[in-house]
Amino acid sequence: MTSEKLGKDMMNKTVNIEIWNQHVRYNLELKHRVTIVTGFSGIGKTVLVNMIENIERYDVMSGIEIRASVDWKKLSVLKIYNLEKVMKYVKKAKVYFIDGGRSNEDVDKALFDLLTINDAMLVYVTRYDQSEYLKRLDYGIYTMKSQRNNEKIINYLVENEKGAC
């Protein structure tokens, strides 16, 4: 299978994730194999990844609630600074989240391999849209937006046109 076909043939469904705590709520609609989430510093990108990591680690004791169209226990956070080690022990997930910062080709290749082997999706949270390697898969670039509603911050994603960031 060529890299141009990956994503559309292997994962052609939308995954909806709603995750919240007492302060913030995220509504995510993932329509692409790779979802690149960008946004201003402080908008809540890393908070999203931390919430996924906390519910993954502490379950209901985390104080985080989640509703998803896939089993939420199939969501997993990868740490980019320790990716080589993580890849050896990674659990099979449906959606991987990574707080990316600036990536490099080795990291992107490892993520590409992981996604193709596991038939999974990736949410790549970063301030930069630089991952040319991952764009070989079906991808979408989104900007995180925020609004306040009754003392709670609601974050959501707005899809950018391809090439715009």
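This report covers a helix, a strand residue and a group of paired strands in a predicted model.

## Basis

The model is predicted: local features need pLDDT of at least 70, side-chain atom pairs count only at pLDDT 80 or more, and totals for chains, interfaces and linings use all residues. Residues are numbered from 1 along each chain as its sequence is written, and side-chain values use heavy atoms, with hydrogens and water left out.

## Helix α3

Helices (H or I, at least four residues) and strands (E, at least two) are DSSP runs, numbered from the N terminus. Helix α3 spans residues 105–118, 14 residues in total. From first C-alpha to last it reaches 20 Å, close to the 20 Å expected at 1.5 Å a residue; the expected span is 1.5 Å times one less than the number of residues.

Buried residues (under 20% relative accessible area, 1.4 Å probe, protein chains only) in α3 include Val 107, Leu 111, Phe 112, Leu 114 and Leu 115, as well as Asp 108 and Asn 118. Just after α3, Asp 119 has a positive phi of about 50°.

## Glu 18

Glu 18 lies in strand β1 (residues 15–20). Its side chain makes a polar contact of 2.4 Å with that of Arg 25. Such a contact is a pair of N or O atoms within 3.5 Å; within protein, one must be able to donate a hydrogen and the other to accept it, and residues adjacent in sequence count only if both atoms are side-chain atoms.

Leaving out residues up to four places away in sequence, Glu 18 touches (heavy atoms within 4.5 Å) Arg 25, Tyr 26, Asn 27, Glu 65, Ile 66 and Arg 67.

## Strands around β8

Strands pair if DSSP finds at least two bridges between them. Tyr 142 in β8 stands opposite Val 37 and has Glu 159 in β9 as a bridge partner.

β8 and β9 form a hairpin with two residues between them, and Asn 150 in the turn has a positive phi of about 50°.

Note on methods:
Buried means under 20% relative accessible area, exposed over 50%, partly exposed in between (1.4 Å probe, protein chains only).
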